[in-house]
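Biologist: I'm new to this one. Can you put it up and walk me through it?
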Amino acid sequence: MAPNDDSGAVVVNGAPVGGTGVDVDVDDGYALGITFNYMVSEHWGVELLASTPFTHDIGGQGLGIAKIGEVTHLPPTLSLQYYPRPASARVQPYVGLGVNYFLSYDAELSNEFETALGNSSIDVDDSIGLAGQLGVDFQVGEKWSLNAALWYVNVETRAAINTPTAGFENINVDVD
């Protein structure tokens with residue numbers, strides 16, 4: 001997963017911090033994925049994308065802390081797919097449109113962040129977004145195929161950090 005991240009300004013205790021807009025950085029993450037596809041007709045399928053968890057480092061500028069923390073999530077995605085070729089084709093391209101659920105279940109702050117601002121907590125919201133895909137199936141048996149696909153998933157989430165440090169008690173940022 002290669003995030004094309006964008007963020008709003010970091011908001012500390014309700015006030016935007018100058019110079020922090022678009023500065024939150026989410027790095028790439030890797031996981032094992034699997035898809036389950038059910039063909040409802042010769043040209044239409046429904047697919048569920050599942051994976052093992054992805055973990056991403058969260059970085060930032062403007063607060064003087066390079067690594068803010070990390071987030072672990074699951075990206076289940078349900079898509080409706082269109083296959084233009086007959087079902088008997090050994091090579092079958094397709095397009096899909098669906099919905100993704102960004103399930104954040106473990107977020108932690110870095111030692112660097114907690115050294116600077118004290119023992120703190122972070123919460124990253126779950127979100128629902130649109131998903132699109134392009135792919136191709138290569139038939140290897142009567143009921144099995146190998147698949148190559150690219151997905152675009154829109155994730156819009158909010159991270160909230162609470163610290164014991166006066167003046168930095170509540171830190172929030174919206175991240176796309």
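Modeller: One term before we start: contact means heavy atoms within 4.5 Å. Also, this is a predicted model.

Biologist: Where does S121 lie?
Modeller: S121 lies in strand β10, which covers residues 121-124.

Biologist: Is S121 buried or exposed, or in between?
Modeller: S121 has a relative accessible area of 37%. Buried would need under 20% and exposed over 50%, so S121 counts as partly exposed.

Biologist: How far apart are S121 and S7?
Modeller: Their C-alpha atoms are separated by 20 Å. Along the chain, S121 and S7 are 114 residues apart.

Biologist: Now A159. Which strand is that in?
Modeller: A159 lies in strand β13, residues 157-162. A159 counts as buried, at 14% relative accessibility.

Biologist: What does A159 touch, leaving aside neighbours within four places in sequence?
Modeller: A159 is in contact with D123, V124, I171, N172 and V173, once those neighbours are left aside.

Biologist: And how far is A159 from D125 in space?
Modeller: From C-alpha to C-alpha, A159 and D125 are 6.5 Å apart. In sequence, 34 residues separate A159 and D125.

Biologist: Let's zoom out. How many helices and strands does the protein have?
Modeller: There is one helix, and there are 14 strands.

Biologist: How does its radius of gyration sit against a compact globule?
Modeller: The protein has 20 Å. A compact globule of 176 residues would have a radius of gyration near 16 Å.

Biologist: What box do the C-alpha atoms fill?
Modeller: Roughly 65 × 25 × 20 Å, taken along the principal axes.

Biologist: How much of the protein is buried?
Modeller: Buried residues make up 32% of the 176 residues. The protein exposes about 10,000 Å², and carbon and sulfur atoms supply 60% of that area.

Biologist: What about contacts between residues at least 6 apart in sequence?
Modeller: Of those contacts, 58% join residues at least 24 apart.

Biologist: Charges next. How many positive and negative side chains are there?
Modeller: There are 5 positive and 23 negative side chains. The centres of the two sets lie 18 Å apart.

Biologist: How many aromatic pairs turn up in the whole structure?
Modeller: A search finds two. In one of them, the rings of W44 and Y82 have their centres 5.0 Å apart and their planes at 55°, so the pair is tilted.

Biologist: Where do W44 and Y82 sit?
Modeller: W44 is in strand β5, residues 44-51, and Y82 is in strand β8, residues 77-82. W44 is partly exposed at 38% relative accessible area. Y82 is partly exposed too, at 33%.

Biologist: Why does the Y83 and Y94 pair count as tilted?
Modeller: The planes of Y83 and Y94 lie at 35°. Under 30 degrees would be stacked and over 60 edge-to-face, so the pair is tilted. Their ring centres are 5.0 Å apart.

Biologist: Which parts of the chain does that pair link?
Modeller: Y83 is in the loop between β8 and β9, and Y94 is in strand β9. Y83 and Y94 are 11 residues apart.

Biologist: Are Y83 and Y94 buried or exposed?
Modeller: Both Y83 and Y94 are buried.

Biologist: Back to β8. What about S79?
Modeller: S79 is placed in strand β8. At 4% relative accessibility, S79 is buried. Not counting residues up to four places away in sequence, S79 touches G45, V46, E47, L97, G98 and Q133.

Biologist: What about the phi of N13?
Modeller: N13 has a positive phi of about 50°, although N13 is not a glycine. Most residues other than glycine have a negative phi. N13 is in the loop between β1 and β2, and is partly exposed at 36% relative accessibility.

Biologist: Last one. Where does M1 lie?
Modeller: M1 lies in the segment before β1. Its relative accessible area is 41%, so M1 is partly exposed. Leaving aside neighbours within four places in sequence, the contacts of M1 include F54, H56 and P75. M1 and P75 are 74 residues apart along the chain, and their C-alpha atoms are separated by 10.0 Å.

Conventions. Residues are numbered from 1 along each chain as its sequence is written. This is a predicted model: local features need pLDDT of at least 70, side-chain atom pairs count only at pLDDT 80 or more; totals for chains, interfaces and linings use all residues. Side-chain values use heavy atoms; hydrogens and water are left out. Rings of Phe, Tyr and Trp (its six-membered ring) pair if their centres lie within 6.5 Å; planes under 30 degrees apart count as stacked, over 60 as edge-to-face and the rest as tilted. Helices (H or I, at least four residues) and strands (E, at least two) are DSSP runs, numbered from the N terminus. Buried means under 20% relative accessible area, exposed over 50%, partly exposed in between (1.4 Å probe, protein chains only). The radius of gyration is taken over C-alpha atoms; the globule rule is 2.2 Å times the number of residues to the power 0.38. Accessible areas come from the Shrake-Rupley method with a 1.4 Å probe; for residues, only the protein chains shown count as cover. Lys and Arg count as positive and Asp and Glu as negative; His and the chain ends are not counted. The place of a charge is taken as NZ of Lys, CZ of Arg, CG of Asp or CD of Glu.
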